[in-house]
Amino acid sequence: MTTYTFQEIMQQPAVWRLQYKAMVEQKAAIQRFLSTYLTADTDIVLTGAGTSAFIGDAIAPVLRPMWKNVRAVATTDLITHAADFLDADKPLLLISFARSGNSPESVGAVELANKLCKRIAHIYITCNKEGHLAKTANQDNILALLLPEATNDKSLAMTSSFSTMLLTCLMLSRIDVIEQEQAAIEHLAANAQFVLDHAAELEKIAQRPFERAVFLGSGPMKGIAEECHLKLQELTDGGVVCKFDTFLGFRHGPKAVVNSKSVVVYLTSDNESVQRYERDLIAQVSGNNQLVAQILVSAGAPVHVEGVKEDVQLCLPFGSHDTSIYGLLPYVLVGQLLGFYTSVVHGLCPDTPSVSGNISRVVEGVTIYN
């Protein structure tokens, strides 16, 4: 089956290269903006809704060594509790991630922040040149970074839009040395292509009958696990109920969700001190449960746990999230592909999987109250 969803998953290495080139070309303009609005005491808030919010969850820890005052706050939290998250007396740089740029929360969060904060600047990272955010980026304190048209996913599920917006923000933090990042971007694309080349292994797992799935990741990888869990759940219209957590956090109650109808996906670290904890949890889950399948994703070197036989073992050839700020990205393709293939097995159209209409490409029905 050829669908927009499949094409949008498979195109990611190519559009990442395009966006890297665009960032190089925009370097001077980006540097001018940041030199004006990003100071040592500026609060940086990464915001978006749903998948766009998960971008911030994944990369805030990665960005903290470069941007000390960075944190992720979803627009869905800002809308109801803006004063709890934003300091009216401190300068704010609000970085908004938005595929369409039209969702009520995206627009509403910007307007609320403008009312609340005395000194504010915005960076819109968006995929839609016709969206509200892109069309209203006409003030000096707004920088719009418009992604390649191909990233404006036509399918319901965000795939290339998620990954390219995430990559763009990471490159933003490296803009002063962006020309030197080409090798890292090529390694990133090669790792992603490796996952895509092994898609058939994930397709076989999708053909097994399972009702639950759990994605686990440590540190920044928790945000990627968060995105993976949503991809599989929304692409199956809730037919597969999904959870995510850290390896250590999973023991504290959430592990109760695992049963004989579960698939567990381990997104492992290549930091040995972190990996010790991960291997212990893998051994425990595998030893205590008869699972439908276990998928283990690693980088640099395979992760082997004594007594555990994974159904799929993917080892990325070029490092991971612990060795490159871009290393998080290839892991999300596992969730995207598993979601796509499982959607097909469930008899759904991956582009429009919501039979009930409970979810839509652009969220509807939200009233923003002043």
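Reply: The protein chain carries 29 positive and 38 negative side chains, and the centres of the two sets lie 1 Å apart. Lys and Arg count as positive and Asp and Glu as negative, with His and the chain ends not counted; each charge is placed at NZ of Lys, CZ of Arg, CG of Asp or CD of Glu. This is a predicted model, in which local features need pLDDT of at least 70 and side-chain atom pairs count only at pLDDT 80 or more, while totals for chains, interfaces and linings use all residues. Residues are numbered from 1 along each chain as its sequence is written, and side-chain values use heavy atoms, leaving out hydrogens and water.

The protein chain has 13 helices and 10 strands (DSSP runs numbered from the N terminus, helices being H or I of at least four residues and strands E of at least two). Of its 370 residues, 55% are buried, meaning under 20% relative accessible area with a 1.4 Å probe, protein chains only.

E1 has parallel pairings with E2 (residues 70-72), over three bridges, and with E3 (residues 92-98), over five bridges; strands pair if DSSP finds at least two bridges between them. Val-45 stands opposite Arg-71 in E2, and Leu-46 has Ile-95 of E3 as its bridge partner.

Conventions: Buried < 20%, exposed > 50% of the residue type's maximum accessible area, 1.4 Å probe, protein only.
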